[in-house]
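Please keep the sequence and the structure in view while reading.

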Amino acid sequence: MSNTAEVDEFQDAVESSSTSTPNGIALAASTGDDDDEQTFDVGQDELTLIRAQLASDYPEDYQTLSDTYICSVASKPYSKDPTIRRPLEYTTEKLNILMGWRRDNAIMMEEMVNLVSMPETGKENTAAMVENPDRFTKAKALAVSMNYGSMYWHGLDKGGRPVLWIRCGRMPWYPDVEAQVNSLILLADAGIKYMPKGITDFVVISDSNSPPPPNPQFMINVLSALVKGYPDRLNLLVSCPVGTIIQMIMKVLLPLMPGRLASKIVLVTEEETIENLGGILENGVDDIPDFLGGKCSHEGIYPVGGTFPERTLKFDYRGMVRRLDEATKKFSKGQSED
């Protein structure tokens, strides 16, 4: 990730550091009320030091991380002693790992979408097919993975966080692991790009009905992406309704997870689903989809087989992004009017 176009694509937008309070605090502490975790003050001088280190190590890419997100990472309790804040060196190392992971794993995902679905027509870029056949092959594999319609953004939670829906019943039994992880990276970046101002994390709701057999490599790669590429981005992952396969998967994964990440995962029974999701989603029970016992339908916008069955990229990626942007703007307008 070393060019201006990629910075624009992964636009966890650069925000001015002049938003600090008069006493030099870049982010004020929170007490952990209302189910939010406790956080600690982050000083403007500390934010400047972290920025300077990232600029030194990644001079062309460091601005892809907003001040809000850097402060969010820095403000969390230290895993070895939750009564204190993460040491500055720990936060800087964590963000350096993030930048290195993105450089190696998350380069030009949006451009790959454009190879198989040009913005103007939705058709393949035949010139790119000739110029870089290997990259085009990867782009087609990404499209196949997205076409399952097993992962997509739709709506927000009550705090304005984007909600990523995972439809386990649509997941392939024998996935192309690289393409599947690339889909997740592409979607995560889109969700981050269109978060409301001041929001730095997202919610995942997994429809765990009829999941495919667990794929160990896919699970390990996703866990690595969350820990290294998207630290502190996951606010909550709700899996419902929980069955034997999901319980088995979690028994394998939970011991491998950092404590903070493991604490974000909630397994919900069928009987608890409506109450739990109603307390999470922006419009309560009205936002619960029919495949989880609610009345809201996702099938019209994310149908099996895709919105554009005649195209290579059948999944309506740009429509998803547009709807997320509209939901975010509506939420932000409502907040400003309150």
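In this predicted model, the second largest pocket has a lining of 19 residues, and those nearest its centre are Tyr90, Lys94, Val227, Pro231 and Pro258.

- The space in the second largest pocket comes to about 410 Å³.
- Sorted by class, its lining holds nine nonpolar residues and eight charged ones, together with two polar residues.

**The largest cavity**

- Rolling a probe the size of a water molecule over the atoms shows where empty space is left.
- Three cavities of 30 Å³ or more turn up when the whole structure is searched, and the largest cavity contains about 850 Å³ of space.
- The largest cavity is lined by 40 residues, among which Ile166, Phe218, Val222, Leu237 and Leu253 are the closest to its centre.
- At least two lining residues are supplied by each of β6 (162–167), α8 (177–193), β7 (202–207), α9, β8 (234–240), α10 (244–253) and β9 (265–267), while the largest share, six residues, belongs to α9.
- The lining of the largest cavity consists of 35 nonpolar and five polar residues, with no charged residues.

- Helix α2, which runs through residues 44–57 and so has 14 residues, reaches 20 Å from its first C-alpha to its last, close to the 20 Å expected at 1.5 Å a residue.
- Gln44, Leu47, Ile50, Arg51 and Leu54 are the buried residues named in α2, and because they cover an arc of only 125° around the axis, they lie on the same side of the helix.
- On the other side of α2, the residues Asp45, Leu49 and Ser56 are exposed.
- The cover over the buried residues of α2 includes the strands β1 (25–27) and β2 (42–43), as well as the helices α3 (67–74) and α4.

**Serine 145**

- Serine 145 has a relative accessibility of 5%, and because buried means under 20%, serine 145 counts as buried.
- When its neighbours within four places in sequence are left aside, serine 145 is in contact with Ala179, Gln180 and Ser183.

Notes:
Residues numbered from 1 in each chain as written. Predicted model: local features only at pLDDT ≥ 70, side-chain atom pairs only at ≥ 80, totals over all residues. Heavy atoms only, no water. 1 Å grid on protein atoms, 1.4 Å probe; cavity = no way out; pocket = protein on both sides within 12 Å on 5 of 7 lines; lining within 4 Å. Points joined across faces, edges and corners; volume = space filled by probe spheres on them. Nonpolar A, V, L, I, M, F, W, Y, C, P; charged D, E, K, R; others polar. Helix = DSSP H or I, 4+ residues; strand = E, 2+ residues; numbered from the N terminus. Buried < 20%, exposed > 50% of the residue type's maximum accessible area, 1.4 Å probe, protein only. Arc of directions from axis to C-beta. Contact = heavy atoms within 4.5 Å.
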